[in-house]
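I opened my notebook to get to know a new structure. Come along and look with me.

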Amino acid sequence: MYPSVDKVKTILLKENSISSADSLAAEKATDDSQSYVNYLIGHDLLSKKLLGQALAKTYGLPFIDLADTPATQENIDVIPEAIARANRIVLVKNTDKAVGVVTDTADDLPAKKKKIQKLFPEKQVSLGYTLPEFIDTSFKLYEKPLETRFSQIISSGRQIAPGIVDEIVNDALAYNASDIHFEPRTKDAVIRFRVDGNLHIAGTIPKEYYENILNRLKVEGGMRIDEHFTPQDGAITREMDGRKVDLRIALMPTVEGEKVAVRILNSYVQDYKLTDIGLSEEHRESIQEYSTKPFGMILSVGPTGSGKTTTLYALLKLLNQPNVNITTMEDPVEYKIDGINQIQVREASNLTFAKGLRSIVRQDPNIILVGEIRDRETAEISVNAALTGHLMLSTFHANDAATAIPRLIDMGIEPFLLASTLEVVIAQRLVRKICSACRYSLPVADALKASNVQTELKGYFSPKDKIYAGKGCSICSDTGYSGRTALFEFIDMTPEMRDLIITNPASRQVEALARKQGNKTMFEDGILKVKNGTTTIEELVRVVEPPRKAK
């Protein structure tokens, strides 16, 4: 684990690894050493190599970059797992005469070295320092494949369903998965994890054990175990490694059996700030300006899983002050925030978005968040609330910002009401970030050729631009990507845009005026993130369709 924020800051400033201004910005945006470091690295103010070198120098140890020389399965197997985890050590070198071991803690190094010496009494022991995430990634090599562990659980005779479910959830958390899919087939059930937006097969379960696993999930999630032909929803809260993990469960009957999707609600998301989600300085200043208005509507649009709710939660954190009353209506309430009144939609008790919103307005709120505008009634109440002295935040399903406006009008909102209340439409998509541990630069021509969109992108780059990609390493499971960020598109409600909305415009008219007024498209925001090394051209064109002609 990293030392305290004060100690990390002192070390980095002493080694001139960061500037005082950058350190101050990281301190203001974060509240612990992990997020302090993540801020600096995420904003390209510090590389992992510089961080590791600075910390290693302070501890009097050489820095060993496991991104370049990852631990091997052969070396991992030499040190017993219990000893390695207790002492936070990983073997990286093992010859006839010497061994090299790395650690991420500087606590009592002589005692730690003595323990290692007992394991290798005839060899010379050398200690090095590496970053905590490298140690955690190396420890994954102790884990046998899921299917092997499933077989061990089945053959052991102990409780099969609880054991298998525990292994699956633990693995999903280790890989930072956002979702787990249980998909029944004729002879087995496939387990897939969604990591950074992409699904990967994690293992398979024999079909004869799948029914017991389903029942286990149903019991934990508070669902009916005797119902097999109706969709069901549930929730599970678990204590995992000293932290609380919330799981949202959705069951759907298929021809092969009941399919299960488990959404993992990572607690760190509720700590996101506007500086953490990929907003440019211009966009961040814009959204902060709109959030200071006493009334009006801020609308976040995009498909499912594009990070809309995360963006609004980051904005709520900024607005969450003792002198304001904030109330939300959500389905489901994904992350609990102290100081905010959060209401869960419950169709069974007739607490819908529309009915709940009518009651919220009578609770004297200053700021209201509606999890999603799904129908005409909810849209009308939301617009009226924004018109009568409330700041309204909501999400809406639309492909882009320009499409959202005519869609709301088609839903039944009067154009003059929409023009009077709407302040800004924010559209977004999520792209994978290049792994900072294995990032490298390459010529623009090579990057364009690999993307197969040379003609469309040629006008956006010059030969002097640097393009980046990830080689693939143990940190990112050889994908070249680690984590995600958002691409944004804003349409501001200028007087000209409000006049246009009153005429019931088509989306192309809204888009044309927005471009004329200088609003950047999501694709253009993505080009900037490609140039600054956040993501790749391939990832950009995977998520956002490139224009036919470069501007």
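**Entry 1: the cavity**

I looked up the largest cavity and found a volume of about 30 Å³. This is a predicted model, so I keep that in mind throughout. My search of the whole structure turned up one cavity of 30 Å³ or more.

Next I asked which residues line the largest cavity. They are V165, V169, I180, F182, L217, I236, R238, L247 and V262. I noted the elements that give two or more residues to this lining: α10 (160–174), β4 (179–184) and β7 (232–240). Sorted by class, the lining has eight nonpolar, no polar and one charged residues.

**Entry 2: helix α10**

α10 has 15 residues and spans 21 Å from its first C-alpha to its last, close to the 21 Å expected at 1.5 Å a residue. I then checked which residues of α10 are buried. Just after α10, I found N176 with a positive phi of about 55°.

**Entry 3: a sheet**

Then I turned to an open sheet of seven strands, in the order β12-β11-β13-β14-β10-β15-β18, with mixed pairing. Its edge strands are β12 (341–344) and β18 (481–492), each pairing on one side only. From one strand to the next, the twist averages 20°.

How do β10 and β15 run, parallel or antiparallel? They run parallel, and five bridges join β10 (residues 296–301) to β15 (residues 422–434). I also saw that V301 stands opposite A427 in β15.

Definitions and conventions. Residues are numbered from 1 along each chain as its sequence is written. This is a predicted model: local features need pLDDT of at least 70, side-chain atom pairs count only at pLDDT 80 or more; totals for chains, interfaces and linings use all residues. Side-chain values use heavy atoms; hydrogens and water are left out. On a 1 Å grid over the protein atoms alone, a cavity is a set of points where a 1.4 Å probe fits but cannot get out, and a pocket is an open set with protein on both sides within 12 Å along at least five of seven lines; lining residues have an atom within 4 Å of a point. Grid points are joined across faces, edges and corners, and a volume is the space filled by probe spheres set on the points. Helices (H or I, at least four residues) and strands (E, at least two) are DSSP runs, numbered from the N terminus. Ala, Val, Leu, Ile, Met, Phe, Trp, Tyr, Cys and Pro count as nonpolar, Asp, Glu, Lys and Arg as charged, and the others, Gly among them, as polar. The expected span of a helix is 1.5 Å times one less than its number of residues. Buried means under 20% relative accessible area, exposed over 50%, partly exposed in between (1.4 Å probe, protein chains only). Two strands pair if DSSP finds at least two bridges between them. Axes are lines fitted to C-alpha atoms, for helices over the stretch in contact, and angles run from 0 to 180 degrees between N-to-C directions.
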